[in-house]
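Subject: Structure handover

Hello,

Here is the structure for you to open. My notes on what was found follow below.

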Amino acid sequence: ETRLVHDMIDYIIDDEQILLSKGIWYKYNDDYLEYLRDSLAEIETVYDPQFDFSESIHDKYINDLFNSEKNDSQYAGLNDSQIKKKLKIKHYAEKAFNELRSRDDGFICYDRDNKKVGKEHIEVMDLYKDGFMYAVKIGKSSSKLCYVVDQSLTALKLYKKGLLPGTPTITTVAIWLVLETNTHIEDDNGIPVLDNLKMLMLKNRLDQWKKAVRLMGLKPIILINYRN
């Protein structure tokens with residue numbers, strides 16, 4: 001089967017509220033945007049500043065690892081700078097964020113703990129705690145952050161079909177977005193307002209995700225933090 005490239009592309013120009021889908025351009029009208037705003041407002045959203053991430057937090061974590069691992073045989077012949085560089089590549093920002101939640105905050109880290117389903121390897125979740133499954137993503141664009149929505153939905157559908165044996169009981173499905181921006185989206189009460197995200201594609205996906213999670217009898221929740 002031969003298909004044109006433009007028939008396989010979905011692309012949104014967020015600021016202009018325009019969508020390219022299957023070779024056709026669409027413009028969102030105000031009624032749809034109002035619907036989307038109201039729909040997203042139904043999702044519980046949480047911002048806890050203690051989980052904000054930064055380069056200095058990342059570097060401190062790498063230093064902690066360095067102090068405990070520097071004499072490991074795999075680093076033989078390397079100087080301190082080279083060892084830290086290797087550690088930072090291995091424990092990149094997103095992985096370090098998840099490992100810190102496990103080390104300091106009582107979460108169980110499932111990052112890169114993939115399960116085989118058929119011929120595919122599925123990442124079930126990044127973190128787990130008290131019935132909550134968390135899919136975590138650090139980023140600043142719809143194209144990057146939408147991936148975590150797809151990851152969450154894929155794993156959840158397989159879980160509900162009983163295809164992920166050994167997975168702990170899930171009652172709440174959480175997407176944890178760590179936004180690479182200094183512009184906060186909280187209201188005056190400190191509650192994140194998803195409509196304030198300048199990412200129309202992501203907001204569309206979150207709306208679809210919310211409906212799917214609820215149809216499976218589970219609760220959706222979104223956590224917002226920041227990386228600067």
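Which residues in α5 meet which residues in α6? S142, L145, C146, V149, D150, S152, L153 and L156 in α5 meet L200, M201, L202, R205, L206, W209, A212 and V213 in α6 (contact means heavy atoms within 4.5 Å). By class, that contact has 12 nonpolar, 2 polar and 2 charged residues. Ala, Val, Leu, Ile, Met, Phe, Trp, Tyr, Cys and Pro count as nonpolar, Asp, Glu, Lys and Arg as charged, and the others, Gly among them, as polar.

First, the ground rules. This is a predicted model, in which local features need pLDDT of at least 70, side-chain atom pairs count only at pLDDT 80 or more, and totals for chains, interfaces and linings use all residues. Residues are numbered from 1 along each chain as its sequence is written, and side-chain values use heavy atoms, with hydrogens and water left out.

**α5 and α6**

Helix α5 covers residues 142–160 and helix α6 residues 200–215. Helices (H or I, at least four residues) are DSSP runs, numbered from the N terminus. The two axes come within 9 Å and cross at roughly 10 degrees. Axes are lines fitted to C-alpha atoms over the stretch in contact, and angles run from 0 to 180 degrees between N-to-C directions. α5 and α6 are therefore roughly parallel (under 35 degrees).

**α2 with α4**

Helix α2 (residues 55–69) packs on helix α4 (residues 93–105) at about 70 degrees, with the axes 10 Å apart. That makes α2 roughly perpendicular to α4 (65 to 115 degrees). From α2, the contact uses I57, H58, Y61 and D64. From α4, it uses A93, A96, E99, L100 and R103.

**α2 with α3**

α2 also crosses helix α3 (residues 80–90) at roughly 115 degrees, and their axes come within 10 Å. α2 brings E55, H58, D59, I62, N63, L65, F66 and E69 to the contact. α3 brings D80, I83, K84, L87 and K88. Here the residues divide into 5 nonpolar, 2 polar and 6 charged.

Regards

Key: Helices (H or I, at least four residues) and strands (E, at least two) are DSSP runs, numbered from the N terminus. Angles under 35 degrees count as roughly parallel, over 145 as roughly antiparallel, 65 to 115 as roughly perpendicular and the rest as oblique.
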